[in-house]
Amino acid sequence: MHMDYDIVVVGAGHAGCEAALVSARMGMRTALLSINLDTVAQMSCNPAIGGLAKGQLVREVDALGGEMGKVIDETGIQFRLLNASKGHAVRSPRAQADKKLYQFSMKRRLESQENLSLRQDTIDKIIVKNEKIFGLISKNGIRYHAKSLILTTGTFLNGIIHIGKNTTKGGRASEPSSDTLSDDLKRFGFQMDRLKTGTSPRLNGNKIDYTVLKEQKGDEQPTAFSFSTKKISQNQVKCYITHTNDVTHDIVRSNLDRSPLYTGQINGVGPRYCPSIEDKIVRFPDKQKHQIFIEPEGTNTSEVYCNGISTSIPYDVQEAMVHSIEGLEKAEITRYGYAIEYDYVPPTQIKHSLETKIIENLFLAGQINGTSGYEEAAAQGMMAGINAVRKIEGSDPFILDRSEAYVGVLIDDLVTKGTSEPYRMFTSRAEYRLTLRHDNADRRLMKYGYQFGLIKNEQWHMLQAKEKEISENIECLERKRNGADSLAKLLRRPQVGYDDLLKMDDDLKKLNISPLTQEQIEIEIKYKGYIERQQQQIEKFKRMESLQLPSWFRYEEIPGLRKEARQKLHEIHPVSLGQASRISGVSPADISILMVYLTGKNRKRIKL
């Protein structure tokens, strides 16, 4: 049986959903394959979207025309703006999701999307002809012909689940792993490696003593993720906070000899910034307690997620550990925590377009590239989908640089530096975070979404009206005076906000500017000097990025380059001097030598 598509997406997690929707919306006949269509957009770990830096990624996906922001706005059950008391550069939206409702909402969008077919099937082999994707063969024997293939396999490649000494093959609890695709990729010359991640126990919330726990409420004025969302109207639920204690730590510590993390049973590297409770207790022996968030999994279930005690210790130890925690003494575990090991493709083997260097028209997105998190996956899926379409159309790849988006930082880090542990996005990874805020993602990126036909005319015209309103209002504030100072100068004072100006000037009230637009005006005026300084840094960065490294550069023939630099440059094949400067093992002296050969007469001597 043969089936013909333009693009086939393998895996219906958060990366696969965005990639398939983008592909179909850009006019390509698209198939989205999943081992189990009941787990489309499954939240395998905590039931939440967003968080520090992750919220920026979701907003960027939305500005480009993606779906994650719209779905969480529709299905969220608690919304919070993190770091609200700090500067705008590090604020990030986060929302608890109704886990099942989120899945169903995303699946409904996929099912109703023109040009898109959902199919429950499993890959057996990929078909390559002349080092270019031709299609794939499923375990059912169906041949899918495709011009481009996007792999978003999550934790399913040779996945092994660990709970104590028990190991089972699986890509997720109660779901089979994909055991042939890794060998297929190795056959084509890909280097494969292993990573590990984990999840926490789930509990029956009816058996928790909430009276001794600390309440955590959502914001009174929820921050939406999607720029098309006018208002979050659904009721918000409470989350709760408790902590581990000395007894908890003793239970875990005395059973480390039964933990697969410490018996050598697990070889994959785990996430540094989201460690298991075993890791926390071993790495921070002096810490008396660790925070645990009790997060509801939905409004139609009593099941809760214990965020903060990810673990793979045996069943009996998990029981004792949970019951040692305040408020959880009588709690019933509904699902035990577990660790999962899986194969990934070290991402120095992909280009900035997310196309692989070895096989043309093969794109990788999500955890197969070594990342962790729903948001990092969705961002990659978005970019892979756009670039798979552009490759078929014969257009140049769409690449966001580090000065344009967190998405650009994410992909550049992966491609340039690689990763040997699950990669997680942080605001500290972005050099230009003052200009890459969550609140201005539409102003930065929506022009691209509109260009690709992913943003509707109505939303585009609203953005243009907003830009005009911001510009005219800033001019007005610079011109209008209150006493000796302009209103703009007054607004630059730390203790003065836009609301204060409304009290000073009746004409401003008549303009009836929305609170979100007021926020943009206030940020631009208050941070003008800092933003201008960062813009100068961005211009310097762009000059380095514009110095392209020709494909004919033979690094082994350039005298003065250190051996390590030659090896790394040959491995990564940087496209610009800027990218070369970010490669681990390439020193500033090596960059100076490259610049001399890039701009001088010596380059003729190293031409192929």
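## Strands, a helix and a pocket

Strand β5 (residues 76-82) runs antiparallel to β6, and six bridges join the two. The model is predicted.

Strand β6 has another antiparallel partner. This is strand β4 (residues 48-50), which pairs with β6 over three bridges. Here Ile-49 has Ala-95 of β6 as its bridge partner. In general, strands of a sheet pair through backbone hydrogen bonds, in either a parallel or an antiparallel way.

How many residues of β6 (residues 92-97) are buried? Six of the six are, so the strand is largely enclosed by the rest of the structure. Buried here means under 20% relative accessible area. The residues of β6 point two ways. Ser-92, Arg-94 and Gln-96 point one way, Pro-93, Ala-95 and Ala-97 point the other way, and all are buried.

Now for a helix. Helix α3 (residues 68-75) is mostly covered, with six of its eight residues buried. These are Met-68, Gly-69, Val-71, Ile-72, Asp-73 and Thr-75. As background, an α-helix has 3.6 residues a turn, so residues three or four places apart point the same way.

Next comes an open sheet. Its four strands follow the order β1-β10-β9-β8, and the pairing is mixed. Why is one side of β1 (2-4) and of β8 (123-129) left without a neighbour in the sheet? Both strands stand at the edges and each has a single partner strand, so one side of each has no neighbour there. On average, neighbouring strands of this sheet are turned by 25° against each other, direction ignored. Within the sheet, the paired strands include β9 and β10.

| Strand pair | Sense | Bridges |
|---|---|---|
| β5 and β6 | antiparallel | six |
| β4 and β6 | antiparallel | three |
| β9 (residues 132-138) and β10 (residues 143-145) | antiparallel | three |

Helices α11 (441-451), α12 (457-479), α14 (498-504) and α16 (515-526) each supply at least two lining residues. By class, the lining has 13 nonpolar, 13 polar and 12 charged residues.

Key: Residues are numbered from 1 along each chain as its sequence is written. This is a predicted model: local features need pLDDT of at least 70, side-chain atom pairs count only at pLDDT 80 or more; totals for chains, interfaces and linings use all residues. Side-chain values use heavy atoms; hydrogens and water are left out. Buried means under 20% relative accessible area, exposed over 50%, partly exposed in between (1.4 Å probe, protein chains only). Two strands pair if DSSP finds at least two bridges between them. Axes are lines fitted to C-alpha atoms, for helices over the stretch in contact, and angles run from 0 to 180 degrees between N-to-C directions. Ala, Val, Leu, Ile, Met, Phe, Trp, Tyr, Cys and Pro count as nonpolar, Asp, Glu, Lys and Arg as charged, and the others, Gly among them, as polar.
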